[in-house]
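Please look over the sequence and the model before reading on.

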Amino acid sequence: TTESLRKAKTHSNRRSGDSNGPWADPIGPYKTENARLVRENNDLHAKLIAERERLDERARALRVTLRRVEHENADLKFLNSQFVLRVRASER
């Protein structure tokens, strides 16, 4: 594809005899605009990737915190049941 584009440009330049040719002026602004849009798209894509990585890291950290809190909750429930058993045993 790139090679065919190069060949077409070379062929077009040979036919017109001028590197700017009759089509260069009308196409020039579109090329400039396209280059700007491609840069903008690449920048947005990079920002999107960075944001996704940040969110993935945040989600991983939250899963770790959730797991820790669940284990702590289970430990506290066990401790509470042990205290309830001690209280009942001391009431007898």
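With which residue does Arg 36 form a salt bridge, and how far apart are the closest N and O atoms? Arg 36 forms this salt bridge with Glu 40, and the closest N and O atoms are 3.0 Å apart; the term salt bridge stands for a side-chain nitrogen of Lys or Arg within 4 Å of a carboxyl oxygen of Asp or Glu.

## Basis of the model

The model is a predicted one, in which local features need pLDDT of at least 70 and side-chain atom pairs count only at pLDDT 80 or more, while totals for chains, interfaces and linings use all residues. Residues are numbered from 1 along each chain as its sequence is written, and side-chain values use heavy atoms, with hydrogens and water left out.

A search of the whole structure finds five salt bridges. Side chains of opposite charge can pair when their charged atoms come close.

Besides its contact with Glu 40, Arg 36 also forms a salt bridge with Glu 33, where the closest N and O atoms are 2.6 Å apart. Glu 33 and Arg 36 are separated by about one helical turn because they stand three residues apart in helix α2, which covers residues 21–91; helices (H or I, at least four residues) and strands (E, at least two) are DSSP runs, numbered from the N terminus. Arg 36 and Glu 40 lie in helix α2 as well, four residues apart, which is about one turn of the helix.

Glu 33 counts as partly exposed, with a relative accessibility of 35%, a class that lies between buried (under 20% relative accessible area) and exposed (over 50%), using a 1.4 Å probe and protein chains only. Arg 36 is partly exposed at 36%, and Glu 40 is partly exposed at 39%.

## A further pair

In helix α2, Glu 51 and Arg 54 are three residues apart, about one turn of the helix, and their side chains meet in a salt bridge of 2.6 Å, N to O. Glu 51 is partly exposed at 35% relative accessibility, and Arg 54 is partly exposed at 46%.

## A nonpolar patch

Leu 76, Leu 79 and Phe 83 make a nonpolar surface patch of about 280 Å². Leu 79 lies in helix α2 and, at 39% relative accessibility, counts as partly exposed.

Patches are made of residues with over 30% relative accessible area and no salt bridge, with like charges joined within 9 Å and nonpolar side chains (Val, Leu, Ile, Met, Phe, Trp, Tyr) within 5 Å. Accessible areas come from the Shrake-Rupley method with a 1.4 Å probe, and for residues only the protein chains shown count as cover.
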